[in-house]
Amino acid sequence: MKVKIDDLLMHVEKPARYLGNEMNVVNKSNPEEYIRFAFAFPDTYEIGMSHLGMQILYHMLNDDSDIFCERVFAPNDDMEKLLRDNERPLFALETKSELKDFDFIGFTLQYELSYTNILNMLNLGDVPFYAKDRTEEDPLIILGGPCAFNPEPLADFADIVVVGEGEDVILEILKAYGTLKEKEFYTKEKFLHEIQDILGVYVPSLNHGEKLVKKRIMEDLDCSYFPKKILVPYIDVVHNRVVMEIFRGCLRGCRFCQAGMIYRPVRERSIESLKAIAKDLLDNTGYEEISLSSLSTSDYTEIEELIRHLIEINQENHIGVSLPSLRLDNFSKELVEEIQKVRKTGLTFAPEAGTQRLRDVINKNVEEKDLLKTAKEAFQMGYNTIKLYFMIGLPTETDEDILGISELVYKVIDEYHDIPKPERPKGLKITVSTSTFVPKPHTPFQWEAQISLEEIHRRQKILKEKLNHRYIKYNYHDGKTSIIEGVLARGDRNLSKVLVTAYESGCKFDGWDDHFQYHKWIQAFEKEGIAYKDYCEKKRSFEEPLPWDFIDSGVRKEYLVKEMQRAKDGIITEDCRTSCSGCGISHDFRSKRGVC
Amino acid sequence: MSVLRVKFKKAGDIRYISHLDMMRLFHRSLRRAKIPIAYSQGFNPHPVISFATALSLGTESFGEYCDIKMEEDLSFELIQERLNSVLPGGIEILDGKYIADKEPSLMSIVEASSYRVIIYQSDFTEKMMNDYLESFMTEEELIIERKKKKKKRQRYPEFKEVNIKPLILSLEFEAIEDSRIVLNTTLITGSKGNLKPEDLVKCFESYIGISGFLRDHRIQRIDLFQNINAPKRNLLE
């Protein structure tokens, strides 16, 4: 059924969120003739539209002549209220069809605090939460994305979980579905049995953690799909620019970082294909900015050549090039000067910890002198705004490490003062942000305890007092969200009932400070008899079975144990390009253009 | 460098995007169409495009205008063809011409807008509408409340009373179709005053003592004019 919304649009903020008529949108006539896939992003339009993975899968699926993929986002409060008041279901943007009309709803799991939005979207679509309660007529629910590396808290809601990179797996799943439907052999049970052996597929109803699920990897990025055009929203969204993925994986092996482990190994796109992709995307969108995306952009082998090329072809059209994820140690002054010729962008550094000792523990191989040298060069180039990112609550952290953060910030200010007044820009502004460390599955710190709420507040207070200075702005998150994130990140199947209870008591948009309701979460844990502190604050032993043990990320557990030991001893591990640390990913994988 | 003045329409679903989003859409469409436009100087160069007047979100228009500063003079026909092939559905370049550098800006010449206003009502007859409008238009004063511009540190908005009668150049009843009333009106727009059709309808509602006209309404701007005295000329004539 098509959902009527045109009478609602004048009564909501930013109606363009719901129009589904953006530049490069795909619409197919007679949608019921296709395998219908709803790509569901469990957050607002502005967040979801900034997600590169959605852009890739959307166009890849729609390029297939048997498939029609549409988008669904979590509606903002005003639209949700209108839908509920008028008894209308949640709809997909392209055809305004309700969720029940789809064969598949695929939710991407980008962060744990979006889980209740999944339940809210299913509820708005009148789709039962639990897989066991859904009939043959209901859509199949697929989950994927980084949080699918511990799918257990959501396992009871999912029919299918995709572990690893989704491009090939999704097509294989949809093809199997199409074939069964065509032969008129289709039953949900038959279908799930048939696809459970596809590499990267986990079917929770048929596997209770006894069968290993191996992650899927795209071996050669040059041969994997990248769209020639992407959707261009009318309203401003978080990343309103061309985002071009230059490589997957990360060389660095920071011990807290889940992305650095689960996206291994490093696989680069060739510079030739990147040049072609950049041209297509800019030509087809009209965007005024292109941003390079990866976990550590300056580690791309031919980064200087790539940037020079992008600047050269774009200068006359005034298209800017922006580079997130720059590392301090190989940050080149010349490169930044090149980028500045077109558009001024901010500078962001992430030393993550305040002392060298702790940076060695987490394997963030950045040295203080590099940071100070780079900051000085930036000031000399005319920058007056610098952002610094740190984490608090890292394993082995003491108050000395916390104080080290503020000492480092003041040393940056000293560098600024050391430059004679006429040679430095006016109005220095340093934004210091701390996030709270949350141990994540598949990392060397997966067994570690997370600090308590009281401890988060105490450490934040120390910094708040120390960083009270006219040049400094100190940002930090409410510690309560980190507690819930921590519980869900390392949770098991027992948490699905907590999610439902929390949702039913009114929890949604938990990642948004204005929506997050900590006390309702605590009540939900109590009601369901879950000792939530055991999930986040208890240190786990190496022998203890973990809920995600059956998910094989390619990185061996022995390697994670070894890295944890080295962390305790403060021994750094070199990056993959310098020397292989034997994580296990190369065991059955050889990259054509990468490091392993 | 010369300036191209174009007339375009904005109709259908695209009416739900704001003025600011419209400007961004034009910038990107010009780039996609590979039209050599001029850029401003400074740290963040942007295309030099100016619109005659902002169109409210939700209002359709068949007569919007903007000036585009060109880097290189291509023929209007070529630009029209290239732009129309990349503009999203609902937006279309209708007409245009190059103007002299010294010509006054669109913003300074626009004086009036004509609208077609379609409002929701089920119980009115044509006779009733004609009578109501006739007596409405014979009033000397029609007062509405308007929010004053907020001052610094002011928490609650202040209101002022405005007589909108001089801002209404014409108001006529066209027809009743499927329980919807169709009105045509021409209102002062620009530096000498501004009246939105929604405010006119609200004023009319309170005059005849009912409500609900704007429950499911539709407003179309027909054209923009540069002199309110006959003969009316639109912004390209």
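This is a predicted model: local features need pLDDT of at least 70, side-chain atom pairs count only at pLDDT 80 or more; totals for chains, interfaces and linings use all residues.
## Domains of chain A

Let's start with how chain A is divided. Its domain 1 covers 9-214.

## The three-stranded sheet of chain A

Within chain A, an open sheet of three strands runs in the order β8-β11-β12, and its pairing is parallel. Strands β8 (242-245) and β12 (320-322) of chain A are at the edges with a single partner strand each, so each has one side without a neighbour in the sheet. From one strand to the next, the twist averages 25°.

β8(A) is joined to strand β11 (residues 289-293) of chain A by four bridges, and Met244(A) stands opposite Leu292(A) in β11(A). Helix α8(A) lies across β8 and β11 of chain A, and its direction is at about 160° to β8(A).

## Helices α8 and α9 of chain A

Helix α8 (residues 271-285) of chain A packs with helix α9 (residues 303-314) of chain A at an angle of about 25°, and their axes are 11 Å apart. The pair α8(A) and α9(A) is therefore roughly parallel, and the crossing is right-handed.

Which residues of α8(A) and α9(A) meet? From α8(A) come Ile271(A), Leu274(A), Lys275(A) and Ala278(A), and from α9(A) come Glu305(A), Leu306(A), His309(A) and Leu310(A). Sorted by class, this contact of α8(A) with α9(A) holds five nonpolar, one polar and two charged residues.

## Helices α4 and α16 of chain A

Another helix pair in chain A brings together α4 (residues 115-124) and α16 (residues 495-504), at an angle of about 70° and with axes 10 Å apart. That angle is why α4(A) counts as roughly perpendicular to α16(A). Here too the crossing is right-handed.

On the α4(A) side, the contact uses Tyr115(A), Thr116(A), Leu119(A) and Asn120(A). Facing them from α16(A) are Leu499(A), Val500(A), Ala502(A) and Tyr503(A). Six residues of this contact of α4(A) with α16(A) are nonpolar and two are polar, and no charged residues take part.

## The four-stranded sheet of chain A

Chain A has an open sheet of four strands as well, ordered β13-β14-β15-β16 with parallel pairing. Its edges are β13 (347-352) and β16 (472-476) of chain A, and each has a single partner strand, so one side of each is left without a neighbour in the sheet. The twist from one strand to the next averages 20°.

Strand β15 (residues 429-436) of chain A runs parallel to β16(A), and five bridges join the two. In this pairing, Val432(A) has Tyr474(A) of β16(A) as its bridge partner. Helix α14 (residues 453-466) of chain A lies across β14 (385-392), β15 and β16 of chain A, and runs at about 175° to β16(A).

Chain B is assigned domain 1 (3-109) and domain 2 (112-225), with C-alpha centres 28 Å apart. Their contact involves 11 residues of domain 1 of chain B and 10 residues of domain 2 of chain B. Strand β3 (residues 60-69) of chain B gives the largest share of the domain 1 side, five residues. That side has four nonpolar, six polar and one charged residues.

Strands β8 (residues 168-177) and β9 (residues 180-188) of chain B pair in the antiparallel sense through eight bridges, and Glu172(B) has Asn184(B) as its bridge partner in β9(B). Two residues lie between the strands of this hairpin, where Asp178(B) takes a positive phi near 45°. Finally, the contact between the chains takes 19 residues from chain B and 19 residues from chain A. On the chain B side, eight residues are nonpolar, five polar and six charged.

Notes
Residues are numbered from 1 along each chain as its sequence is written. Chains are lettered from A and ligands numbered from 1 in the order in which they are written. Domain bounds come from an automatic or database domain assignment. Axes are lines fitted to C-alpha atoms, for helices over the stretch in contact, and angles run from 0 to 180 degrees between N-to-C directions. Angles under 35 degrees count as roughly parallel, over 145 as roughly antiparallel, 65 to 115 as roughly perpendicular and the rest as oblique. A crossing is left-handed if the near helix is turned anticlockwise from the far one by less than a right angle, and right-handed if clockwise. Two residues are in contact if their C-beta atoms, placed from the backbone, lie within 7 Å. Ala, Val, Leu, Ile, Met, Phe, Trp, Tyr, Cys and Pro count as nonpolar, Asp, Glu, Lys and Arg as charged, and the others, Gly among them, as polar. Two strands pair if DSSP finds at least two bridges between them.
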